[in-house]
Each structure stands twice: as C-alpha cells, then as structure tokens.
Amino acid sequence: MPSKSKSKSPKTVLDKIVAAIRALKSPNGSSRVAISKYLKSEFQYDNAKAIKTNLKTGVTKNVLEQVGQSFRVKGDERIVAPVDDGPKLEITDVKVPADADAPTAKRGDVVRVKYVGKLEDGTQFDAASDFAFMLGEGEVIKGWDQGVEGMRVGGKRKLVVPSKLGYGKRGCSPDIPPNATLYFVITLKEIRSGED
C-alpha cells in the first residue's frame, strides 16, 4: 500500500507558481523572472505566456498579491529580511568640484563616467573612458548605483564595493572571482536628467 505521507507535486501552473514563491522566500515577493527560472529548474516548465496568465489569474482570484513587479502568496506570513551586518560600501571623495552649483547625480539621471576597476590584488579587470548608465535603475552593480549618487560633475571618487553589492557569490567569469571585493576610481563627466 502506498504511503499517504508523500507530498503531492503541484499539478496546475498556479499551484507551481505558489510553490515557487514559497520556496524562493523573498522578503519583497518574487519577480516573474525569478518564478519562471524556478519553474524551469524544478518542474521543467517554461511556458512564459501561461506563467504570465496564471500570475494575473492568481491575483484576480486572491490567491496571490502583487506589489510592484513582485508576487506573494496571499495570506502567507511575511518574510522578514535578515539583518545584514556584512561589509558596507566605502566611498572616498578624491576630488570635489569647487563649484558648489555643479549638478549632482540623482536616481533616474543618465550619468557618463570614466572609471577603472581593480581586484584586491591590484589586477585591473575593467576600465572605460566613457560609460553611460541610468542611475538607480539596476543597470549596473548596486555598489555603483549607491556610490555614484550624490557625485557632482567633475568629481572623482574611490569606491570599495563588497561582494554583496558587486557580483556576489558567483562573480563574473573570467575576470571577477566569486565573493570579490571590487575597487573603483570613478570620475563623473556628465549628468543628463532622466526626463530628457
């Protein structure tokens, strides 16, 4: 006689989504991308259209709740983000423009920078004389989003970026090993408002 204590495998797409959200245990909910990756790895399921449809259905039927671009299982206990006492981003202003009215970089601005990136042993892994990105939008590592904010045009900063604000446990092969602390010197060349 088969054992009744075996856990059932989720049958419907919505059941699989619920299982994925609960397994991912993200304090802010799980994004559709994270859910899709989980479904593909755990259930070999990768029908993007069906996943999107079932996320909407789950919200409509009050099985899921959507917060921004993330989803939670309605009624589940909220997951509290762990307190992180790990290394913090270190910012050192090397050059501050004398002009106090020089534009200051803020979230949503498109900034152009010159930079050099090195590892702890001094090995240079990257550099550019002209690189542009939108600040605070996740286009670059978190250490840059946090470390460039507040800079003035013409300013120069040293950033010591801990692994968790860089490339984390995986690194970025072949140049950046796992758990690497990154050292940057960044010069802010230009700021364009995100509304331009």
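Is Arg22 buried, partly exposed or exposed? The solution is given in Exercise 1.

The model is predicted: local features need pLDDT of at least 70, side-chain atom pairs count only at pLDDT 80 or more, and totals for chains, interfaces and linings use all residues. Residues are numbered from 1 along each chain as its sequence is written, and side-chain values use heavy atoms, with hydrogens and water left out.

**Exercise 1. Classify Arg22 and describe its salt bridge with Asp76.**

Step 1. Recall the classes: buried means under 20% relative accessible area, exposed means over 50%, and partly exposed lies in between (1.4 Å probe, protein chains only). Accessible areas come from the Shrake-Rupley method with a 1.4 Å probe, and for residues only the protein chains shown count as cover.

Step 2. Arg22 has a relative accessible area of 44%, so this residue is partly exposed. Asp76, at 31%, is therefore partly exposed.

Step 3. Recall that a salt bridge is a side-chain nitrogen of Lys or Arg within 4 Å of a carboxyl oxygen of Asp or Glu. The closest N and O atoms of Asp76 and Arg22 are 2.7 Å apart.

Step 4. Asp76 lies in the loop between strand 3 (70–73) and strand 4 (90–95), and Arg22 in helix 1 (residues 13–24), so the pair ties together parts that are 54 residues apart in sequence.

**Exercise 2. State which residues are linked with Arg112 in a network of salt bridges.**

Step 1. The structure holds eight salt bridges.

Step 2. Arg112 and Asp130 meet through their side chains in a salt bridge (2.6 Å, N to O). This pair links distant parts of the chain, since Arg112 is in strand 5 and Asp130 in strand 6, 18 residues apart.

Step 3. Arg112 also meets Glu190 in a salt bridge between side chains (2.6 Å, N to O). Here the linked parts are strand 5, with Arg112, and strand 8, with Glu190, 78 residues apart.

Step 4. The network joins Arg112, Asp130, Glu190 and Arg192.

Step 5. As a general principle, side chains of opposite charge can pair when their charged atoms come close.

**Exercise 3. Describe the largest nonpolar core.**

Step 1. A nonpolar core is a set of buried Ala, Val, Leu, Ile, Met, Phe, Trp, Tyr and Cys residues joined through side-chain atoms within 4.5 Å.

Step 2. The largest core has 24 residues, and those with the most contacts inside it are Trp144, Leu182, Phe184 and Ile186.

Step 3. At least two residues of this core come from each of strand 5 (110–118), strand 6 (124–134), helix 4 (142–148), strand 7 and strand 8 (182–192). Strand 8 gives the most, with five residues.

Step 4. In soluble globular proteins, nonpolar side chains tend to be buried together.

**Exercise 4. Identify the residues of the positive surface patch that includes Lys156.**

Step 1. Patches are made of residues with over 30% relative accessible area and no salt bridge; like charges are joined within 9 Å, and nonpolar side chains (Val, Leu, Ile, Met, Phe, Trp, Tyr) within 5 Å. Lys and Arg count as positive and Asp and Glu as negative, whereas His and the chain ends are not counted. The place of a charge is taken as NZ of Lys, CZ of Arg, CG of Asp or CD of Glu.

Step 2. The patch is formed by Lys95, Lys114, Lys156, Lys158 and Lys189.

Step 3. Lys156 belongs to strand 7 (residues 156–161) and is partly exposed at 33% relative accessibility. Lys114 belongs to strand 5 and is partly exposed, with a relative accessible area of 46%.

**Exercise 5. Locate Gln44, Asn62 and Pro174 and describe their backbone features.**

Step 1. Gln44 has a phi near 50°, a positive value in a residue other than glycine. Gln44 sits in the loop between helix 2 (32–43) and helix 3 (48–60) and is exposed, with a relative accessible area of 62%.

Step 2. Asn62, likewise a residue other than glycine, has a positive phi near 60°. Asn62 is placed in the loop between helix 3 and strand 2 (64–67).

Step 3. Ser173 and Pro174 are joined by a cis peptide bond with an omega of about 5°. Pro174 is in the loop between strand 7 and strand 8.

Note on methods:
Helix = DSSP H or I, 4+ residues; strand = E, 2+ residues; numbered from the N terminus.
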